[in-house]
Amino acid sequence: MEMICFLFLTVVPVSIKGDGVYAPAQAQIIHAGQACVVKEDNISERVYTIREGDTLVLQCLVTGHPRPQVRWTKTAGSASDKFQETSVFNETLRIEKIQRLQGGRYYCKAENGVGVPAIKSIRVDVQYLDEPILTVHQTISDVRGSFYQEKTVFLRCTVNSNPPARFIWKRGAETLSHSQDNGVDIYEPLYTQGETKVLKLKNLRPQDYASYTCQVSVRNVCGILDKSITFQLTNTTAPPALKLSVNETLVVNPGDNVTMQCSLTGGDPLPEVVWSHSPSPMPHNSLIQEGNLTIWGICMEDSGYYNCTAINNVGNPAKKTVNLLVRSMKNATFQITPDVIKESESIQLGQDLKLSCHVDAVPQEKVVYFWYKNGKPARVSDRLLISRNDPELPPVTSSLEIIDLRFSDYGTYLCIASFQGAPIPDLSVEVNISSETVPPTISVPKGQSTITVQEGSRAELQCEVRGKPKPPIIWSRVDKEAPMPSGAMTVETYDGKLRLESVSREMSGTYKCQTARYNGFNIRPREALVQLNVQFLPVVEPTSQDIRQGMGRSVTLRCTMLKGSPMKVATAVWRFNGNLLTLPPTEQQDYSELKVDSVNRETSGSYECSISNNVGVSTCLFQVSAKAYNPEFYYDTPNPTLSQKQSKNYSYVLQWTQKEPDAMDPILKYRLDVRQLNQRNTVQTLVPVKKMAKGLLLEHILRNLKIPQSYEVRLTPITDFGAGDMAARIIRYMEPINYPNPADNTCRFEDEKICGFMQDKMDNFDWTRQNALTQNPKRTVNTGPPTDISGTQEGYYMFIEASRPRVTGDKARLISPLYNITAKYFCVSFFYHMYGKHIGSLNLLVRSQNKRAIDTQVWSLSGNRGNDWQQAHVPINSPGPFQIIFEGVRGTSYEGDIAIDDVTLKTGDCPRRPIGPNKAVALPGSGVLTLHRSSLGGPLTFFLYVLLR
């Protein structure tokens, strides 16, 4: 039979299988890796349960032509449909050592440009069980009318887990239950983080002093073992207590060595003492030993809060905090404030004047200020007032106020800030008050109001300040709510210049310079504006474009300037294969065009358009040719392997379509290069083309391939222009599936390969092959057949199991091999068993491969048909190769098993006369039952023409 099939396939090297095989993408998610199932009612393709730390493997199975591209994305949970920004472009998604935060809904998106993309999702449920935490709390209350106190103990056990954990409390080896005696109560508190169970011991008794164990379990799901924690309750059990050897606020000098002692004063069991530092980690120059924290050579960065915490899981943790301050002084500033009452902005005799002095210090309140005039201490009088905390200024700011300013008050005033008795250098600031002390003015130098620079260069913005004293200048952006290049919202300069390095186009805009209100007059700021223009080279479209056109046809190339600064085309230069082209002058626009009058071998090649705007040049690149597009391999060929085991060779059915065949000149032939993997030698063949159309499926048989080697195949279209784009793929040997028994043309499912039938990967569940010996002894009664049609225990049949986790409407589909034969009419005969009060439906469909794969229902039967095997004959009229599909649909409940057996396909009409006294048969295309003879008949030579692909 193999030799006859071989001769049939070699009649023509390229056979046309029909047009319009382009089909939209279809997808299905299957899971592999280390999956485990928790809840039976959640078993479906949309839920994947896995243990934390295991490997997640999801595969997106796709069909469609051209071959769909797959993208994986994820959302945080099933309630959200917003894709994350990151994606994985691969049919297989693999995550090693998955963590709980990686659980959620994963989406597989398959698209091939035909129809709408296919999107499937699956929820990944990560299972875990953390170590439990046990804490103990005690309360003591007076009992009225009695001379004793009640002591109640709460043992709180908390754990994080998925799925929710089950708690078991034990006293010693004894398992405790809720309210097993008056002294024990077990409950779940209302407001907790994680899962919590509390064991309450009321009116503590001597027998309650014992060892208590909290055991948590997720019932061994995913192989996660139970975990437990034990606590010994005694009459000395007590929460921790602490004391510190230093004050809560500790002020030290830079460079000092500091030791803070944290001592335990109580707690049973013995508490654990832990030091921490906020807001930063513990200093690298620190050491913790027996509760003592020592820091050597302390510096400013070591400031902050140091927390000593004692924990023994009894009561609340004990905590002591030390605020460690390192003395420092910096940023001495002054302010000159004219008479506020008279709203003056300048110094005038006869008006009041205030001088202020401030430093940033730690601790701020310990700073002492001293004022001097002309080198001598300033004396307080009825006209000269000195205050330490001016309510109108920042805290701990010293002010010297002069009432009714006179000429004799002119002079040099010095403010000194000091930490008395500490080795911290003093800071001072000097202010000169005279008739020359005037408020500031600000302006932009002539010709500097607009600065134009090129991207990547250096820019300098300048504002001039006049006045005495000259205050610092503060720069900020005006037209954008954006920070300065340094990241800060403002930048301070003392010379009035803002220097920007390596400017970018985003830095274009308006900048504001204004006077500061410190180190000068404390008045309304003076301000000015500077415009920065950053020029950058053109942004053009397209940057690269592949243009195909038939020989002799014209094509127009356009390079467009989308943006740039300046936004105008200064020059446009065209080159062909690197050679300059001369074009007539045109009116200046934001694009440049070139027309190629006739595409041929001489005019095909690389065209470049270089557009300049006097700042830089950007290029559009066009590849113009008349070469054909690449072929598109067809990956959905059913069973493409044909075996000749006697010669240890195999053949492979290679199918493809041609991308955009009408856009180019007619394709004359294909160059086929075949190379065995891991070898260098290539066998080249020219495959002629008889007919070509968009979506037309072409075929060629690769012969004499060595079992079980894999091969690389390269396919290149050839036109009058020459070779087109090449496509490559790898073909691998697959063991051919056995044909139905050639002795009687019937598949009885006795072989594990079930005669080439395949489970549909796009359905909800699978058909099962079994016999009376392999049946589940706990299977549902009152449904399903006891044996196959032969009545023997060894005979196999196919059936669908309707029990959990199946739900109403779930479908299982069994697909036959591809039948590629020449005949006008066919008949499919098969036996079915539909017994049970919850029987759903059995459908027979025909999948035609003449154009795109189309499934057509040709027979259907529903409901309980009794505990007997019955036969159906269904006529089929297919214009080309086809497959048959048995579709079982689950009914309303579990007593709905459906089975099939002895499937026969033959040419000719179906029998219409009784063929047996005891066989109920459905007439072709209907669900009506009549009696027919049991003889199947059919020509033996039928399967000589059945080609399995």
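Predicted model: local features only at pLDDT ≥ 70, side-chain atom pairs only at ≥ 80, totals over all residues.
Tryptophan 656 sits in strand S53 (residues 649–658) and tyrosine 670 in strand S54 (residues 669–676), so the contact ties together parts 14 residues apart in sequence.

Now go to Phe830 and Trp859. Here the planes are at 90° and the centres 5.2 Å apart, so this pair is edge-to-face. It links distant parts of the chain, 29 residues apart: phenylalanine 830 lies in strand S64 (residues 826–834), tryptophan 859 in strand S66 (residues 854–862). Phenylalanine 830 has 0% relative accessibility and counts as buried. Tryptophan 859, at 1%, counts as buried. Across the structure, the count of aromatic pairs comes to 14.

Two arginines are the next stop. Arginine 558 lies over the face of tyrosine 591, 3.8 Å from the ring centre. At Arg769, the charged end sits over the ring of tyrosine 796, 3.7 Å from its centre.

Switch to cysteines. The structure holds eight disulfides.

- Select Cys60 and Cys108. A disulfide joins them, S to S 1.7 Å. The link is left-handed, with -55° about the S-S bond. Cysteine 60 is in strand S4 (residues 56–65) and cysteine 108 in strand S7 (residues 104–111), 48 residues apart. Cysteine 60 is buried at 0% relative accessibility, and cysteine 108 is buried at 0%.
- Select Cys559 and Cys620. Their sulfur atoms are 2.0 Å apart in a disulfide. This link is right-handed, at 70° about the S-S bond. It connects strand S45 (residues 555–565) to strand S50 (residues 617–625), 61 residues apart. Cysteine 559 is buried, with a relative accessible area of 0%.
- Select Cys827 and Cys910. They form a disulfide with sulfur atoms 2.1 Å apart. The link is right-handed, with 110° about the S-S bond. Cysteine 827 is in strand S64, while cysteine 910 is in the loop between strand S69 (898–907) and strand S70 (920–922), 83 residues apart. Cysteine 827 is buried at 1% relative accessibility; cysteine 910 is buried at 9%.

Finish at Cys609. Cysteine 609 is in no disulfide, and the nearest cysteine sulfur, that of cysteine 559, is 3.9 Å away. Cysteine 609 counts as buried, at 0% relative accessibility.

Notes: Residues numbered from 1 in each chain as written. Heavy atoms only, no water. Phe/Tyr/Trp six-rings, centres within 6.5 Å; stacked < 30°, edge-to-face > 60°. Helix = DSSP H or I, 4+ residues; strand = E, 2+ residues; numbered from the N terminus. Buried < 20%, exposed > 50% of the residue type's maximum accessible area, 1.4 Å probe, protein only. Lys NZ or Arg CZ within 6 Å of the ring centre and 35° of its normal. Disulfide = S-S within 2.5 Å.
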